[in-house]
Amino acid sequence: MLKPLLDFEKPIAELDSLIEELKRSAANDERRREAEHDNVDIESEIARVEERREQIMREVFANLTPWNRVQMARHPMRPYTLDYIQAICTNFIELHGDRINADDPAIVGGFCQLNGRTVMAIGHQKGRDLKERQHRNFGSARPAGFRKALRLMQLAARFRKPIITFIDTPAAEANLMAEEEGISRAIAYNIQQMFHLPVPVIVAVIGEGGSGGALGIAVGDRVIMMEHAIYSVIPPESCAAILSEFGRDRGRASEAAAALKLTAQHARQFHIADCIVPEPLGGAHRDAAAAARALGDVISAQLLELESIPTAALLDERYRRYRAIGSWEEIEHAAVALPLPSSHVEGPLS
Amino acid sequence: MAKSRWFSKPAGRNGTTVSNMPEGLWVKCPRCAEIHFAKDIERNLRICTKCDYHYRLHANERIALTVDDGSFNKIDDHVVSRDPLGFPGYPDKLARAMSSTGLTDAVVCGEATIDGRRCIVSAADFDFLGGSMGSAVGERLVRSMELSVEKRLPFVLFTANGGGARMFEGLLSLMQMAKTSAGLARMERAAVPYIVVLTDPTMAGVYASYASLGDIILAEPGALIGFAGRRVGNQDMGMKLPDDFQSSEFQFRCGMIDQIVHRRDIRNTLSTLLMLFAEEDANAQASA
Ligand SMILES: [Zn+2]
């Protein structure tokens, strides 16, 4: 049974436990006899409650606010990178270390097979229980993590193996040690070098796309987002804490989340995500296998597409893709013009 | 009103306000608290005559200090950011930044000569929304990089971007990190020199993208340079931070900067570097 972790999951969780209880009764001879005696058909009762649960889930998940999406993206039961790799790929051999001085458990990676061909899979890794969460530093990578990721990407490129990255991080580590070890340079260098990789790169945002920490392994030819994933320049809590528009109050993060337009649907509108993978009703954690199948199918299809493109064209297209991102316009009289609000993105190149 | 004469300085500049004194005439050094006659500071390249504190420069002042007189040809300042998110307050903030700085966004780019050597120059202005990087900044920088490659001219860039990626443009501003780095990947492949001068302040998304990717990285002394603010990630853990945390000197010690260069020497250092790169370039072309 799933614990009711988010407020809007509570009514669903109540029905979950009711269904579980009914199923236990159905499996218990004595309880069955009692039910028969009372003229209750447990099977149809289960079906009735399941239908009710489905209906409630549809209502709840059709009306998620941007803040609810943030909560979903951070859901502690959500499948993580290694869950997806194990489900989608075979023969995964994890490769460790940045070959300088460390191995960062917040980023994992290694060779594996997808549909029988070798690929390099890399991603941020969060932990499931308290101990693992600390070990993985909550998915916040240090410079060593980014350097390991780049080493693996360049290794894959040398052997002409496509690269798949899984994005799920609140942010890059920002403490003293990270600063001393050059976190900014590590991220910047990864971003730059990813434009040189002569193999297809597919990026899948599976949970939190947390600013520079995400982007450090997220330059690719295709960007996929899971339905309840987010992608943001700043955590909504920090945004609310900084801006007077939100009273400089972290407690107003839900308003900041709405203003930041950080959902998968927005990323699609901004032409930053190419497609959104629908999640099982209630979120990927309610049926991790189905979520992985859906993501795996999309990755496979895109890989097939990308592999037919000659390397020079692939790199050219990758450059153009990022070159075109932005919302700007050209004005005639710079000194007098004032910006106008616009509800959509426009750029001559997009 | 006689008083208005004193209020000639643009708003928001660091260290220029002295309470109970007419603004603009006097400045108080943010580091040593010495009160100076503003003209003395101006004459000293806006460096404190007592403690050597480097005041922030406006983009136009920076360019004037760096390039040969009359050599600067501004490019692309007609590229301006929109408000793609409909972010609360952003159009107002943009409009106010434009009127208070006289700029159209946080970087000024152009072609110029330094000691007669042609190059592309870009300078950021902290007073324009903290020098933060939105779509217009990204577009202007990439155009400058493309021009550098096309003309095979070195690109000299001064940062002053305390804001990092401009959050009012959301994910689009985050992606300017990738966009500018894409431009620099092209410069890297074309072997056109890219020289960065880090000035106060250089933070977050800017430091974690084009500011860290210079072939040569210089910094002015005492600048604030880092990934995330002091509070993020450190206070919670009770970590003791060095006094000079995230300063030029700290980053130099960590191996992130080639040289810390005093403001009065920057022009000469750039000139020498351009000469050294040009010599290499000439030899490469001669042997090709
Ligand atoms: Zn001083």
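What percentage of the 288 residues in chain B is made up of buried residues? I found 57%, where buried means under 20% relative accessible area, exposed over 50% and partly exposed in between (1.4 Å probe, protein chains only).

**Entry 1. Conventions**

I noted that this is a predicted model, in which local features need pLDDT of at least 70 and side-chain atom pairs count only at pLDDT 80 or more, while totals for chains, interfaces and linings use all residues. Residues are numbered from 1 along each chain as its sequence is written, chains are lettered from A and ligands numbered from 1 in the order in which they are written, and side-chain values use heavy atoms, with hydrogens and water left out.

**Entry 2. Chain B, overall**

I looked up the secondary structure of chain B and recorded eight helices and 12 strands. Helices (H or I, at least four residues) and strands (E, at least two) are DSSP runs, numbered from the N terminus. For contacts (heavy atoms within 4.5 Å), I took pairs in chain B at least 6 apart in sequence; 66% of these join residues at least 24 apart.

**Entry 3. The sheet of chain B**

I traced an open sheet of seven strands in chain B, with the order β3-β5-β6-β7-β8-β10-β12 and mixed pairing. The edges are held by β3 (73-75) and β12 (259-260) of chain B, each with a single partner strand, so one side of each lacks a neighbour in the sheet. Two strands count as paired if DSSP finds at least two bridges between them. In general, strands of a sheet pair through backbone hydrogen bonds, either parallel or antiparallel.

I then followed β6(B), residues 117-124, through its partners. Six of the eight residues of β6(B) are buried. On one side, β5(B) (residues 107-114) pairs with β6(B) in the antiparallel sense over eight bridges, and V108(B) stands opposite A123(B). These two strands form a hairpin with two residues between them. In that turn, D115(B) has a positive phi of about 50°.

β6(B) also runs parallel to β7(B) (residues 155-158), with four bridges joining them. Here V121(B) stands opposite V156(B).

What handedness does the β-α-β unit of β6(B), helix α4 and β7(B) have? The unit, whose helix α4(B) spans residues 135-151, is right-handed: with the strands pointing away from the viewer, the path from the first strand over the helix to the second runs clockwise.

**Entry 4. Domains of chain B**

Domain bounds come from an automatic or database domain assignment. For chain B the assignment gives domain 1 (1-55) and domain 2 (56-287). Their contact takes 14 residues from domain 1 of chain B and 14 residues from domain 2 of chain B. The two domains bury about 1,100 Å² between them, with 48% of it on carbon and sulfur atoms. Buried area is the accessible area (1.4 Å probe) that two parts lose on being put together, summed over both.

**Entry 5. Chain A**

I recorded 15 helices and nine strands in chain A. Of its 350 residues, 55% are buried. The C-alpha atoms of chain A fill a box of roughly 80 × 55 × 45 Å along the principal axes.

Chain A is divided into domain 1 (7-25 + 32-63) and domain 2 (72-323). The centres of these domains, taken over C-alpha atoms, are 37 Å apart. About 640 Å² is buried between domain 1 and domain 2 of chain A, and carbon and sulfur atoms give 62% of this area. E9(A), M57(A) and F61(A) supply 69% of what domain 1 of chain A buries there, more than any other three residues. I found one salt bridge between the two domains. D16(A) forms a salt bridge with R286(A), with 2.9 Å between the closest N and O atoms.

**Entry 6. Interface of chains A and B**

How many residues does the contact take from each chain? I found 69 residues from chain B and 60 residues from chain A. The area buried between the chains is about 5,600 Å², of which carbon and sulfur atoms give 66%. R82(B), L171(B) and F227(B) supply 14% of the area that chain B buries against chain A, more than any other three residues. Six salt bridges are counted between the chains. I also looked up R186(B) and D316(A), whose side chains meet in a salt bridge at 3.1 Å, N to O.

Definitions and conventions: A salt bridge is a side-chain nitrogen of Lys or Arg within 4 Å of a carboxyl oxygen of Asp or Glu.
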